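Dear colleague,

I am passing on the structure we spoke about, and my notes follow below it. Please read them with the coordinates open beside you.

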Amino acid sequence: MGDSSMEDADNMLRVLIATDCHLGYMEKDEIRRFDSFQAFEEICSIAEEKQIDFLLLGGDLFHENKPSRSTLVKTIEILRRHCLNDNPVQFQVVSDQTINFQNIFGHVNYEDPHFNVGLPVFTIHGNHDDPAGVDNLSAIDILSACNLVNYFGKMVLGGSGVGQIKLCPILIKKGTTSVALYGLGNIRDERLNRMFQTPHAVQWMRPEAQEGCPMSDWFNILVLHQNRIKTNPKSAINEHFLPRFLDFVVWGHEHECLIDPQEVPGMGFHITQPGSSVATSLIDGESKPKHVLLLEIKGSQYRPTKIPLKSVRPFEYAEVVLKDEADVDPNDQASVLEHLHKVVRNLIEKNRKASISRSGLKLPLVRIKVDYTGFSTINPQRFGQKYVGKVANPQDILIFSKAAKKRQSVEEKLEDSERLHPEELNQQNIEALVAESNLKMEILPVNDLDIALHDFVNKDDKMAFYSCLQYNLEETRNKLNAEADKLKVEEEDIILKVGECMQERVKERSLRSQEKVTSSSQNVQDSGGKFTSGPSGVNSFSDEEDTRKMLSIPKSAGRGRKVSSGASRASRDASDHCESRPSRRGRGRGSSSLKQMTLDATMKIRQSERLLCITMHYFAPYPC
């Protein structure tokens, strides 16, 4: 019996799964500032207690795209306490790690000889901590550079039109168990939806069959962080978009805890939705008990075990319809207040009784959704002053709503669903505004402005519009320089020429966005396992070209005028030097030909300088 259990341990891969930790949430609130860190500390403690092989996180590790120094320090402290130790790592990564981990080190963190990593952590990014900026970096890249986590699933959207991504799995082996771990960090839902419906836009690389390990022996896991609620099909990902060869899917981003794996009819795989470890929206879905999932895999079989989180702040939720309450008079606001106070007291008492069995009492979160149809509202802040020191959120205990009319039922349902993710309210992009207003963009492409606006608002990238302008100016300069030798352009015609070039670029971008994406799957060779391409979508759909990567401008582009003026001065000095000092070694043809070559070069540089100078004077806010 002992030998059998030991053999099972050698061949069983044990993984602890959690999503949406949102570290740093409410960090400026005196009562709730440590909630996210305490829950994450408990998750790491469970990982150590259960002696798991690795911890798998499904995105949104941080709540902010640019977490504060305090949040980063606390996160690093927790990871150092639990991840750096002498415990042996009993599994191997046999795939090409330079493809799996896109950093300068290019290998899994526990293989670094300078660190003793006893608890490997694998994570993707979510919509809160997704890469941004010129270098396309996420806050998770900081943890990866510190060798504390293994950051995977970071996609480079190549190709034209809607874009193209290639998912290469991390191939993990422990004894006779082989796991292919696919990661897909958050991509804007509307775009990923179109990519799944575009042929060859999403390529799945399969482990190639090897001697003693056929393709069917691999247990395929996918971790993704996308919208799952189907209120708007275009802004969510349908489970049927995923390939059938998958065995298990970890779905992040949705905060409601649906930890028990659910089978998708007709697809052959199961989905688990662990939900968030901290309540970020005071709604009914977040009031359910929080859990993490222990997944034990042996061969092609798995066993899920849900583990409750005990450090999560208690949350009591109730709904009240005032017109259905017998003791409430629409003309007597005192009766309304008395009834609502009674509901709050009952919820506090209910939590007090449930907290007796829990260690460490915490002030509860209390939320009452009040349907005030036929009644007048009251001030929630004034109402909550009575419960300061009794609940964790006295300022927003009450939320008021009205009963939905029949013709407005669809809109009201959409509004209710969006309350779970207030940051994802359906925003109108520049492209839609241009289409509605029947405008014609002649200078800057619509796609570039759309991406710049998104980065400026959602990622706090203050240089987004500057980078957009600089990129388009650089493209125009390059095109004008390329045509300078072919065409003799007069200075008074340069402005017209610049306008024509910008319009041509806009037309080219719009035409390219309408082309269908065509690409063939390629085999990827790796050190321990080989990949072959798998199935993708079948329907054709066109989309805009991704410009996020193209908005990365070299530092030298912003100094175009200085470089040009420096080169001009250098050429003038060289020219004057050649004219004033004749060569001592020869005064014949060699000297005159050298002078002529120098003058020709100087004239070309001056012509290019005038061209760039007038271009910058026309577009830039500063004169040349």
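G285 counts as buried, because its relative accessibility of 15% falls under the 20% cut-off for that class. This glycine is found in the loop between β13 (270-273) and β14, and, leaving aside residues up to four places away in sequence, G285 touches E256 and C257. G285 and Y317 are separated by 32 residues in sequence, and their C-alpha atoms are 9.5 Å apart in space. Please keep in mind throughout that this is a predicted model.

As for the protein chain as a whole, it has 15 helices and 19 strands, and buried residues make up 47% of its 624 residues. Among the contacts between residues at least 6 apart in sequence, 75% join residues that are at least 24 apart.

The helix pair I looked at in detail is α2 and α3. Helix α2 (residues 35-49) and helix α3 (residues 69-83) pack at an angle of about 15°, and their axes are 10 Å apart. Angles under 35 degrees count as roughly parallel, which means that α2 is roughly parallel to α3. The crossing of α2 and α3 is right-handed. On the α2 side the contact is formed by F37, F40, E41, C44, S45 and E48, and these meet T71, K74, T75, I78, L79, R81 and H82 in α3. The residues of this contact divide into 5 nonpolar, 4 polar and 4 charged.

The buried residues of α2 are D35, S36, F37, A39, F40, E42, I43, C44, I46 and A47, and what covers them includes, besides α3, the strands β1 (13-18), β2 (54-57), β14 (291-298) and β15 (301-308). After α2 comes Q51, whose phi is positive, near 50°.

Which other backbone angles deserve a look? Most residues other than glycine have a negative phi. N136, which is not a glycine, has a positive phi near 55°; its place is in the loop between β4 (121-123) and α5 (139-145), and with a relative accessible area of 28% N136 is partly exposed. H200 likewise is not a glycine and has a positive phi, of about 65°. H200 is found in the loop between α6 (189-196) and β9 (202-207), and at 38% relative accessibility H200 also counts as partly exposed.

Conventions. Residues are numbered from 1 along each chain as its sequence is written. This is a predicted model: local features need pLDDT of at least 70, side-chain atom pairs count only at pLDDT 80 or more; totals for chains, interfaces and linings use all residues. Side-chain values use heavy atoms; hydrogens and water are left out. Axes are lines fitted to C-alpha atoms, for helices over the stretch in contact, and angles run from 0 to 180 degrees between N-to-C directions. Helices (H or I, at least four residues) and strands (E, at least two) are DSSP runs, numbered from the N terminus. Angles under 35 degrees count as roughly parallel, over 145 as roughly antiparallel, 65 to 115 as roughly perpendicular and the rest as oblique. A crossing is left-handed if the near helix is turned anticlockwise from the far one by less than a right angle, and right-handed if clockwise. Contact means heavy atoms within 4.5 Å. Ala, Val, Leu, Ile, Met, Phe, Trp, Tyr, Cys and Pro count as nonpolar, Asp, Glu, Lys and Arg as charged, and the others, Gly among them, as polar. Buried means under 20% relative accessible area, exposed over 50%, partly exposed in between (1.4 Å probe, protein chains only).
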